[in-house]
Amino acid sequence: MSAALNHYQALAAAAPQTHAYQAIGRERLSLVELPNRKQEAWRYTPLAPVLDHQFTAASREEGLLEPEDIASLRVTPADHVCIVLLNGFFMPELSTLPPQVGLEVLDLEQAIQHSAIGIERLGSLSGACLDLFGAVNAALTGSGAYLRVTEKLTQPVEIIHLNYSFESEVLSNPRVLVQVAANARLNLIEQHAQFADLLSMSNGVTEIFLSEGAQLLHPRLQHDSVRTRHLSHLYVQQAATSVYKGTSLALGSAWSRTEFHLDFVGEHAHCELNGFYLAGEQQMQAMHLDVLHSVPNCTSRETFKGILYGHGKGVFDGNILVKKDAQKTDARLSNDNLLLSREAEIDTKPRLEIYADDVQCSHGTTVGQIDPEMLFYLRARGIPKAEATSLICQGFAAELIAHCEYPALEAKALSILQERLAPVAAKL
Amino acid sequence: MLSIKDLQASINGKEILKGLSLEMGAGEVHAIMGPNGSGKSTLSKVLAGREEYEVTSGTVTYQGVNLLELSPEERAHQGIFMAFQYPVELPGVNNTYFMQASLNAIRKARGEPELNSLNFMKLVRTKLKALEMDESLLKRAVNTGFSGGEMKRNEILQMTLLEPRLSILDETDSGLDIDALRMVSMGVNSLRSPERSMLVITHYQRLLDYIQPDYVHVLSGGRIIRSGDKSLALELEEKGYGWLQEEAAA
Ligand SMILES: Nc1ncnc2c1ncn2[C@@H]1O[C@H](COP(=O)(O)OP(=O)(O)OP(=O)(O)O)[C@@H](O)[C@H]1O
Ligand SMILES: [Mg+2]
């Protein structure tokens, strides 16, 4: 499998050099190990689907899509800011970029070239992890989105990540840098989507910096097509009294892994991480959490739910580390799963590692099936079995999806879910 | 309307109904009383089609068809409704959505046009008002976090929406305050008609002051050990079940 490593190194060497940050990635690529199941972080995630393919690096492709194509995808109103990253490349002609007080949006490449405010932070969170895909992203990223918010924005901002290409087996490396200044506020809605059923891989890195008192509401919906490999790394750093509320819904892809890395650097900050995953047929969905409480008086809530059917496989690997000085930490982690078939599988591993003595921490996991009492109640009201089953699943998911706090996105997620579950429920 | 003959049913190998017979005509209201654990809820659930109960012998004929061959949803389509003794919480499932899905599933099965959301809302609001229920209950998840009384009212709301032919009320009065009891009874009485029948399971004579039954039966040890008119309920209130059980054993 070191063929994979050689392949990525070759891709990095051949990539056009647009900015200095890529050099860091190339250097890292020469140091990293291939991920393998002996590493704690990868123990439960099967790797063959991503390492067995020799993807080619995406390049900027113009004229592939029209603005109307985007209109059909977006969930925010047409006049709101919407940033389109096509195969990781910032596409101004597909994006909607009205000037807005308190918001700066740039192509990341330009932000680097013009030394935009805070650009030196790029890679400061993700760089701490020496992992192959992080290094690949750094080495190959040619573009991306830079966002800086300095006011309490009332309108949401949308980012649409698209994998779509004339080429086959393309690897995109979307990169996003978000900075929310002190006491500023942003609602950032992200979608990962596709127009065609292409075999491709998306390897994204998002770094988020919340200054004192900053607030970010961050719902994300991944509904890539069934042949995609999707990896996203999300890094959040929270200064004192900041609030982050992220809700990630992973519905699509053949293979998908979302990594959440959360770091508190100031006191009295609060974080809410919610996640939902749907894995059916031959799908694999992994959620990997690293929440670090290193300062006192912070609270975090990690709530994850999954529905698994067919031969679907889910992985929930959630770690909360409370360091010695992080007194009065209050952290609650939960993971609930609904299994609809015998063949479906979930590996769930919540972990609390606590070195402080005055903390309130808990974790809980459940793995269950459709409750026969619920099913009977619905059927006794005339609702056919298949529909009743699907309704129970939707209810299970809806509780989590409601955390998005953005009805248009919630409705979209629920309708995708309903469409996916209807034929499954009919066969149970 | 309903004819039960020598019904025997068990769950997990445990025999609960041990040869129960009951005849109900159209338009009749029958009350069933009986000690805890005697099999009243079991009878309701067997009639509603709960598959976990195994019917080992006997027949149940409803409007001329063999009821035991029908799935729970088919029974609902044919006009059977059971108000649950313990209504089930459905987290994440919106109450209005649920009731609309239920009504439309039944209408669809009968070849009637489905109601759109607007017309459904109109309908549900009138029913809600009649039961003096809080409209906020419509926006919540089905029974989730409802108080005991709210759950029971929600059951009756569904009953008045679905207008069943055969209603089985399993201890709908338990947990209701005095005003709610009156309200619920009015809801039930509003459905009384020559085509509808009701099987009312209760522990308390008081409900039967509001919903006057044509017949009262005593279920004990999985069998009906005594039937009579509503004066039987008064007698039971006074004397308990002991004397009947002794008589039955003799
Ligand atoms: N799943 C089960 N497994 C074993 N026994 C059961 C099961 N369900 C019910 N039973 C038993 O069947 C008997 C009858 O129960 P049922 O609920 O029908 O009584 P009931 O007459 O409705 O009582 P109550 O007045 O308390 O509501 C009880 O002894 C109960 O414990
Ligand atoms: Mg009972």
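A residue counts as buried when its relative accessible area is under 20%, as exposed when it is over 50%, and as partly exposed in between, using a 1.4 Å probe and the protein chains only. What you have here is a predicted model, where local features need pLDDT of at least 70, side-chain atom pairs count only at pLDDT 80 or more, and totals for chains, interfaces and linings use all residues. Side-chain values use heavy atoms, with hydrogens and water left out, residues are numbered from 1 along each chain as its sequence is written, and chains are lettered from A and ligands numbered from 1 in the order in which they are written.

Let's start at the metal. Ser41(B), through OG, and Gln85(B), through OE1, coordinate the magnesium ion (ligand 2) at 2.0 to 2.1 Å. The pair links distant parts of the chain, 44 residues apart: Ser41(B) belongs to helix 1 (residues 40–48) of chain B, while Gln85(B) sits in the loop between strand 6 (80–83) and helix 3 (95–109). Donors here are N, O and S atoms within 2.8 Å of the metal (3.2 Å for Na, K and Ca), and water is not among the atoms, so sites may look incomplete. Helices (H or I, at least four residues) and strands (E, at least two) are DSSP runs, numbered from the N terminus.

Now to ligand 1. Of the 16 residues around ligand 1, Ile16(B), Gly37(B), Lys40(B), Ser41(B) and Thr42(B) come nearest; a residue is near if one of its heavy atoms lies within 4 Å. Helix 1 of chain B gives the largest share of this shell, three residues, and strand 2 (14–24) also supplies at least two. By type, the shell divides into four nonpolar, nine polar and three charged residues. In that scheme, Ala, Val, Leu, Ile, Met, Phe, Trp, Tyr, Cys and Pro are nonpolar, Asp, Glu, Lys and Arg are charged, and the others, Gly among them, are polar.

Some side chains put polar atoms by the oxygens of ligand 1. For Lys14(B) the distance is 3.2 Å, for Asn36(B) 3.0 Å, and for Glu171(B) 3.3 Å. Taken alone, ligand 1 exposes 640 Å², and the protein buries 68% of that (areas by the Shrake-Rupley method with a 1.4 Å probe; for residues, only the protein chains shown count as cover).

Back to helix 1 of chain B, which is mostly covered, with eight of its nine residues buried. Among them are Lys40(B), Ser41(B) and Thr42(B). Just after this helix, Gly49(B) takes a positive phi of about 105 degrees. Then comes Arg50(B), in the loop between helix 1 and strand 4 (54–62). Why does Arg50(B) count as buried? Because its relative accessible area is 9%. The side chain of Arg50(B) also makes a polar contact with that of Glu52(B), at 2.7 Å. A polar contact is a pair of N or O atoms within 3.5 Å; within protein, one must be able to donate a hydrogen and the other to accept it, and residues adjacent in sequence count only if both atoms are side-chain atoms.

Finally, chain A. Ser225(A) lies in the loop between strand 11 (215–222) and strand 12 (229–238), and counts as buried because its relative accessible area is 14%.
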